[in-house]
Amino acid sequence: MDIEKNNYLIELFDQYSNLLTKKQVLYLDYYLKYDLSLGEIADNLNVSRSACFDLISRSIKKLNDYENKMRLVKNKKKIIDSITSSDLNKEVLIKMIEEL
């Protein structure tokens with residue numbers, strides 16, 4: 001997995017992990033934050049590699065589904081980009097925050 005995609009998934013995980021099961025959080029934590037391979041996770045949790053792959057794949061799909069519906073990460077990025085840009089317009093920023 002490339003670094004950009006991994007960072008995006010970590011953002012999604014940070015934003016929506018409270019909506020996942022404890023098992024999903026554990027597997028994604030190992031996979032995204034500790035960068036363990038599927039084999040390493042499977043060995044640590046005494047499950048098959050394919051079971052590990054299935055759970056992680058479904059969990060990532062769930063994170064993407066949450067983002068597609070709520071757009072919290074996308075909106076956060078838009079606000080941060082607006083704040084850090086040189087042409088910061090207070091009215092535009094207030095409108096963006098109100099849309100959240």
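Me: Why does Ser-17 count as buried?

Reply: Happy to walk through it. In this predicted model, Ser-17 has a relative accessibility of 18%. Buried means under 20%, so Ser-17 counts as buried. Ser-17 sits in the loop between H1 and H2.

Me: What does Ser-17 touch, not counting residues up to four places away in sequence?

Reply: Leu-12 and Val-25 are the residues touched by Ser-17 once those neighbours are left out. As for Met-96, it is 79 residues from Ser-17 in sequence, and the C-alpha atoms of the two are 24 Å apart in space.

Me: Let's move to helix H2. What makes Gln-24 count as buried?

Reply: Gln-24, which lies in helix H2, has 11% relative accessibility. The cut-off for buried is under 20%, so Gln-24 counts as buried. Leaving out residues up to four places away in sequence, Gln-24 touches Leu-55, Ser-59 and Lys-62.

Me: How do you know that the side chain of Gln-24 and the backbone nitrogen of Thr-21 lie within the distance for a polar contact?

Reply: A polar atom of the Gln-24 side chain lies 2.8 Å from the backbone nitrogen of Thr-21. The distance limit for a polar contact is 3.5 Å, so the 2.8 Å between Thr-21 and Gln-24 is within it.

Me: Which residues have the most contacts inside the largest nonpolar core?

Reply: Leu-28, Cys-52, Ile-56 and Leu-63 do, in a core of 20 residues. Helices H1 (3–16), H2 (22–33), H3 (38–45) and H4 (49–70) each supply at least two residues of this core. H4 gives the most, with six.

Me: And what is Ile-56 in contact with, leaving aside its neighbours within four places in sequence?

Reply: Tyr-27, Leu-28, Tyr-31, Leu-38 and Ile-41 are the contacts of Ile-56.

Technical notes: Residues are numbered from 1 along each chain as its sequence is written. This is a predicted model: local features need pLDDT of at least 70, side-chain atom pairs count only at pLDDT 80 or more; totals for chains, interfaces and linings use all residues. Side-chain values use heavy atoms; hydrogens and water are left out. A nonpolar core is a set of buried Ala, Val, Leu, Ile, Met, Phe, Trp, Tyr and Cys residues joined through side-chain atoms within 4.5 Å. Buried means under 20% relative accessible area, exposed over 50%, partly exposed in between (1.4 Å probe, protein chains only). Helices (H or I, at least four residues) and strands (E, at least two) are DSSP runs, numbered from the N terminus. Contact means heavy atoms within 4.5 Å. A polar contact is a pair of N or O atoms within 3.5 Å; within protein, one must be able to donate a hydrogen and the other to accept it, and residues adjacent in sequence count only if both atoms are side-chain atoms.
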